[in-house]
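Subject: Structure handover, pockets and surface patch

Hello,

Here is the structure for you to look over. My notes on its pockets and surface follow below.

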Amino acid sequence: NDLEPKIKDALPSVFGTVSFKTFSLGERHPEIKEIGVAHGKQNQYDGLELDLKIIWNCNADIVVDVQGIEIGIANVHIDGTLKLQFRPLLPHLPSIGGVQITMMSPPNISWNFRGIFAALQADVVSRVMRQVVSDQISELLVVPNLIFVHWLDSEADVDLEVLQFPHPECVVRLCISEARDLLGSDWNYFGFNGTSDPYVSVHLGSTHWYTPQKSRTRNPKWGDAGYHDFFVY
């Protein structure tokens, strides 16, 4: 239900209404390809951390109606690393008080259109839908966001709020100072003119930050505008 209005808002107004006629990811289950195990500490709580490399090739049946035009989506492929953080560790049974479910970065998602949209290669619709799906996953699961499931009673000497909403461990200040000899990609009636309009995109967990765009240059300098502080969890 959250996807429909977000896709509609992100699409150009000419596309009108958006709704899902059919939405099923099929019967295939995700496959776990790799497992990593580590001990970690978040805020004051020790934990056992499992990194699960997951690949999911869905036999999906999805139909999206965009202003009366039905778009079929098939061959949905999802791969990414799911992190299960078992914490807090307890000095008594059941030994573990809960599990945090999160991801360090959004998963890679791809699909194919069916029917007429497969021939048209609807770039705008495809790009918007992928971005909206990625943003929804980030808001739910990508650091610092997480799902915390616990079996602790209210009398346990554990701060449940900090396990659900972890506090930053530190702040990292990043400086994008300058770039040199970038590829010129600007075009006019006389061809490529050897300049560009560069900016830098930085993703850390669910946080996205962009430097200001510099116009008509292959050697941009950002100065004070190139600084940004990131919380690290």
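First, a term: a patch here is made of residues with over 30% relative accessible area and no salt bridge, with nonpolar side chains joined within 5 Å. Please keep in mind that this is a predicted model.

**Surface patch**
One nonpolar patch on the surface is formed by Ile32, Ile35, Val37, Leu48 and Leu89. Together they have about 460 Å² of accessible area. Strand E2 (residues 31-42) gives the most to this patch, with three residues. Ile32 lies in that strand, E2.

**Largest pocket**
The space in the largest pocket comes to about 720 Å³. Its lining has 25 residues. Nearest the centre lie Leu25, Ile78, Ile109, Val133 and Ile137. Two or more lining residues come from each of helix H1 (3-10), strand E1 (18-24), strand E3 (45-58), strand E5 (69-86), strand E7 (108-114) and helix H3 (123-141). By class, the lining has 22 nonpolar, two polar and one charged residues.

**Second largest pocket**
This one has a volume of about 360 Å³. It is lined by 21 residues, and Met104, Val143, Pro144, Val232 and Tyr233 are the closest to its centre. E2, E5 and strand E14 (227-232) each supply at least two lining residues. Which of the elements gives the most to this lining? E14 does, with four residues. The classes here are ten nonpolar, six polar and five charged.

Best regards

Notes
Residues are numbered from 1 along each chain as its sequence is written. This is a predicted model: local features need pLDDT of at least 70, side-chain atom pairs count only at pLDDT 80 or more; totals for chains, interfaces and linings use all residues. Side-chain values use heavy atoms; hydrogens and water are left out. Patches are made of residues with over 30% relative accessible area and no salt bridge: like charges are joined within 9 Å, nonpolar side chains (Val, Leu, Ile, Met, Phe, Trp, Tyr) within 5 Å. Accessible areas come from the Shrake-Rupley method with a 1.4 Å probe; for residues, only the protein chains shown count as cover. A salt bridge is a side-chain nitrogen of Lys or Arg within 4 Å of a carboxyl oxygen of Asp or Glu. On a 1 Å grid over the protein atoms alone, a cavity is a set of points where a 1.4 Å probe fits but cannot get out, and a pocket is an open set with protein on both sides within 12 Å along at least five of seven lines; lining residues have an atom within 4 Å of a point. Grid points are joined across faces, edges and corners, and a volume is the space filled by probe spheres set on the points. Ala, Val, Leu, Ile, Met, Phe, Trp, Tyr, Cys and Pro count as nonpolar, Asp, Glu, Lys and Arg as charged, and the others, Gly among them, as polar.
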